[in-house]
Amino acid sequence: MNGCRWSVRYRMNGFDCTLEISADDSAEVMKRSTAAIDYLSKKGAVPVAEPTPAAPADDKPPLCPVHNVLMKRSQIHGGWFCSKKLPDGTYCKEQVEA
Ligand SMILES: [Zn+2]
């Protein structure tokens, strides 16, 4: 066996989070995941079973082809923009439409 992986999605303080646990054997993963769930529920985290309906289906930021960094969501047009600056001090022109 080549290791075992376990992941959970939860929401805490309004943030969607993913916790991933991996170990060499399943017994160890189960032990850690049980402890993690115990910890998270004490902290007030709630499980996220379904994607939030309001969120866009594909919410993964695209990469700026120039700077190779994750782009940021624009509050104005709902698309994506690159927050890096060019050598001349202006912002990167790369954008992805929503
Ligand atoms: Zn860029």
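Two strands are taken to pair if DSSP finds at least two bridges between them, and the strand pairings of this predicted model are described on that basis. By this criterion, three strands form an open sheet in the order β4-β5-β6, with antiparallel pairing. The edges of this sheet are formed by β4, at residues 72-73, and by β6, at residues 95-96, each of which pairs on one side only. Between β4 and β5, the latter covering residues 80-81, the antiparallel pairing rests on two bridges, and within it R73 is placed opposite W80 of β5. In general terms, the strands of a sheet are joined through backbone hydrogen bonds, in either a parallel or an antiparallel sense.

Of the 98 residues, 4% count as buried. Among the contacts between residues at least 6 apart in sequence, 26% join residues that are at least 24 apart. The mean pLDDT of the chain is 87, and 88% of the residues score at least 70. Among the elements, the highest mean pLDDT, 93, belongs to helix α1, whereas the lowest, 88, belongs to β3.

A further set of pairings involves β1, which spans residues 4-12 and pairs in the antiparallel sense with β2, residues 15-23, over nine bridges. M12 has F15 of β2 as its bridge partner. The hairpin of β1 and β2 has two residues between the strands, and in this hairpin N13 takes a positive phi near 55 degrees. Most residues other than glycine have a negative phi; N13, a residue other than glycine, has a positive value. N13, in the loop between β1 and β2, counts as exposed because 8 C-beta neighbours lie inside 10 Å, where a count of 12 or fewer is the condition for exposure.

β1 also pairs with β3, residues 46-47, again in the antiparallel sense, and this pairing is made over two bridges. Here R11 has V46 of β3 as its bridge partner.

Helix α1 covers residues 26-42. After α1 comes G44, which has a positive phi near 90 degrees.

The loop between β3 and β4 contains A49 and also N68. A49 has 6 C-beta neighbours inside 10 Å and therefore counts as exposed. Although A49 and R9 are 40 residues apart in sequence, their C-alpha atoms are 7.4 Å apart in space. N68 has a phi near 60 degrees, a positive value in a residue other than glycine, and with 9 C-beta neighbours inside 10 Å it likewise counts as exposed.

Methods
Residues numbered from 1 in each chain as written. Predicted model: local features only at pLDDT ≥ 70, side-chain atom pairs only at ≥ 80, totals over all residues. Helix = DSSP H or I, 4+ residues; strand = E, 2+ residues; numbered from the N terminus. pLDDT = per-residue confidence, 0-100. Buried ≥ 20, exposed ≤ 12 C-beta atoms within 10 Å, placed from the backbone. Contact = placed C-beta atoms within 7 Å.
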